[in-house]
Amino acid sequence: MATTDTSKNDNDKSVQNGTDFDVVVAGGGPVGLFLAGELRLGGATVLVVERLAEVDETIKAGGINTAGAVSLYRRGLLPDLAAAWERNRWRMRAFLGDQKREQGADAPRTPPKFAGHFAGIMMRGDLFDDSDPAFADIGPADGVGLGVPQVELERILGARAERLGVEVRRGVELTGFDADGDGVADGVAVHLDGGDTVRAGWLVGCDGGRSTVRKLAGFDFPGTQPEITGYQAVVEMSGGERLGVGWNTTDVGTYVNGPFPGRILTVEFDGPPADRSAPVTAGELQTALRRVSGVPEVTVHEVHSSTRFTDNARQASGYRKGRVLLAGDAAHVHSPFGGQGLNLGLGDAMNLGWKLAAVVRGLAPDSLLDSYTAERHPVGAWVLDWTRAQIAVMRPDRHARALRRVVTGLALTTTGTTYLVKQISGVWQHYQLPGEHPLTGQSAPDLELSDGTRLGDHLHAGRAVLLDLADDPRLRARAEGYGDRVDVVTAACPGRPELTGLLVRPDGFVAWAADGTDGNDRGDDLGDALTRWFVAA
């Protein structure tokens with residue numbers, strides 16, 4: 001796919017400073033494509049370079065959590081996500097039915113309610129308390145992303161990037177770059193294989209855990225060493241009916257069978273693989289699966305898709321060096337347990353996109369980008385610790401197995417299940433923003449408004465929203481002078497009558513909120529929030 005937007009925004013800085021693009025994004029996976037779309041919504045010209053000639057079909061992330069689904073919903077992508085979810089939901093249902101029949105039991109009419117897992121400890125959906133306040137007002141995105149493979153999400157985001165006019169060059173690899181002066185004054189010369197050089201104002205590395213951008217820019221990448229070798233694959237095999245369904249813990253390690261036919265995963269605590277990039281063979285997978293499962297009859301005949309992984313856990317100390325930034329796996333790597341990586345990267349893109357676009361257009365100082373690391377780095381650090389904790393519980397030694405029994409007992413309670421689901425779903429995520437209202441810094445509730453719309457409907461364009469819930473002209477007057485950066489919506493919210501106003505950033509997080517009659521009394525707080533995030537024209 002290669003598309004070019006020929007109608008430049010009047011505010012595009014590339015016209016004024018002689019660059020070819022405002023931003024070059026290295027990496028055309030889901031994070032890079034989502035970021036590119038966010039930048040285009042904000043008025044920046046974008047080039048995405050991706051070394052792979054086609055969409056990567058390799059089996060990777062198998063689902064999107066609530067926070068990730070909400071981000072996509074806020075950009076109008078819920079119908080595409082729901083269609084992908086429905087296709088994969090029926091595939092999982094068919095697999096569960098086949099397994100039940102092979103075991104002599106009746107096939108389930110519907111799959112059991114999925115609540116997630118912690119270190120392979122499956123949580124029961126009937127123990128999940130969805131009345132917990134953390135899950136209030138999530139809106140129609142709740143649960144939609146479960147079971148959507150990464151490859152399908154990449155196609156959805158690729159189509160969106162094309163609609164928005166992003167230029168995507170596939171089969172093209174970044175080989176180096178030069179930043180002018182101190183990397184802030186002028187821009188970045190990005191060198192591509194084949195001898196091409198593209199000049200851009202900014203470069204963002206979304207090029208994965210072995211990021212070329214991160215290495216060449218000199219970002220430090222501290223963390224902890226790996227201790228496992230893991231395989232994930234889709235295979236043709238015989239003898240699989242003797243394997244347990246789902247997550248299984250043995251004396252040797254852990255294996256997974258499902259949630260669709262031929263999908264397997266193994267984990268062994270024998271150190272990292274000698275060569276992660278070597279092709280994964282059927283014999284290698286078969287040996288690992290037999291060893292971990294203890295089922296010698298299982299035979300792998302053909303490999304359709306496969307990957308190795310480890311629990312290497314590292315995070316860049318900062319996400320910006322001059323005009324070079326990192327997002328997604330380029331900024332942080334960890335084991336895949338709990339399905340956090342893809343969702344973490346989508347959150348990075350949602351946070352960075354509108355800020356960098358504002359800087360590109362000259363609508364904000366580049367110091368606004370300092371808030372990107374300040375807000376996202378703590379979330380990334382939490383994810384790394386979350387995956388490290390799961391490794392500790394999965395180890396096959398006696399101390400770890402004793403700990404696992406304790407954690408299992410806690411997980412299989414209503415309080416334990418609900419706590420773990422909150423963490424996995426991402427609904428806990430918030431930023432430390434100025435303000436006293438409990439909603440400030442939180443992901444905005446998807447309020448149902450009196451005009452029949454929801455708050456999420458008003459975020460599709462990637463602009464901030466000042467929600468006037470009390471029909472207060474003085475509140476609306478505060479937004480004057482912010483041009484196309486802040487949309488004002490006036491409507492009542494019968495479900496939350498105590499709220500009188502919300503200022504929601506383009507990424508969907510609340511920058512200011514007011515209850516009762518304090519909207520006018522706290523007008524200065526609203527003014528401060530508007531100035532902080534959207535410097536007046």
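The legends below describe several close-up views of a predicted model.

**View 1. A salt bridge joins Arg395 and Glu227.**
In this predicted model, the side chains of Arg395 and Glu227 meet with a nitrogen-to-oxygen distance of 2.8 Å. Arg395 belongs to the loop between α9 (370–394) and α10 (398–411), while Glu227 belongs to the loop between β9 (223–224) and β10 (229–238), so the pair ties together parts that are 168 residues apart in sequence. Arg395 is partly exposed, with a relative accessible area of 28%, and Glu227 is likewise counted as partly exposed, at 26% relative accessibility. As a general point, side chains of opposite charge can pair when their charged atoms come close.

**View 2. Asp484 forms a salt bridge with Arg361.**
Here the closest N and O atoms of Asp484 and Arg361 are 3.5 Å apart. Asp484 sits in the loop between α12 (473–477) and β20 (486–490), and Arg361 in the loop between α8 (341–360) and α9, so this pair ties together parts that are 123 residues apart in sequence. Asp484 is partly exposed, with a relative accessible area of 41%, whereas Arg361 is buried, with a relative accessible area of 11%.

**View 3. Further salt bridges include the pair of Arg454 and Glu448.**
The closest N and O atoms of Arg454 and Glu448 are 3.8 Å apart, and Glu448 counts as exposed, at 54% relative accessibility.

**View 4. Helix α9 bends at Arg376.**
Helix α9 has 25 residues and reaches 37 Å from its first C-alpha to its last, which is close to the 36 Å expected at 1.5 Å a residue. At Arg376 the helix bends by about 30°, and a proline, Pro378, follows within four residues.

**View 5. Residues from β10, β13 and α7 line the largest cavity.**
The model has one cavity of 30 Å³ or more, and the volume of the largest cavity is about 30 Å³. Its lining is made up of Tyr231, Gln232, Ala233, Ile264, Leu265, Thr266, Leu285, Ala288 and Leu289. At least two of the lining residues come from each of β10, β13 (263–268) and α7 (282–293). Sorted by class, the lining of this cavity has seven nonpolar residues, two polar residues and no charged residues.

**View 6. Thr281 lies in the loop between β13 and α7.**
Thr281 is partly exposed, with a relative accessible area of 43%. Although Thr281 and Ser306 are 25 residues apart along the chain, their C-alpha atoms are separated by 8.7 Å.

**View 7. Helix α3 supplies the largest share of the lining of the second largest pocket.**
The second largest pocket has a volume of about 560 Å³, and of the 33 residues that line this pocket, the closest to its centre are Arg74, Val427, Gln442, Ser443 and Ala444. Helices α3 (66–73) and α8 each supply at least two residues of the lining, and the share from α3 is six residues. By class, the lining of the second largest pocket divides into 16 nonpolar, eleven polar and six charged residues.

Terms used: Residues are numbered from 1 along each chain as its sequence is written. This is a predicted model: local features need pLDDT of at least 70, side-chain atom pairs count only at pLDDT 80 or more; totals for chains, interfaces and linings use all residues. Side-chain values use heavy atoms; hydrogens and water are left out. A salt bridge is a side-chain nitrogen of Lys or Arg within 4 Å of a carboxyl oxygen of Asp or Glu. Buried means under 20% relative accessible area, exposed over 50%, partly exposed in between (1.4 Å probe, protein chains only). On a 1 Å grid over the protein atoms alone, a cavity is a set of points where a 1.4 Å probe fits but cannot get out, and a pocket is an open set with protein on both sides within 12 Å along at least five of seven lines; lining residues have an atom within 4 Å of a point. Grid points are joined across faces, edges and corners, and a volume is the space filled by probe spheres set on the points. Ala, Val, Leu, Ile, Met, Phe, Trp, Tyr, Cys and Pro count as nonpolar, Asp, Glu, Lys and Arg as charged, and the others, Gly among them, as polar. The expected span of a helix is 1.5 Å times one less than its number of residues. The bend at a residue is the angle between axes fitted to the seven residues ending there and the seven starting there.
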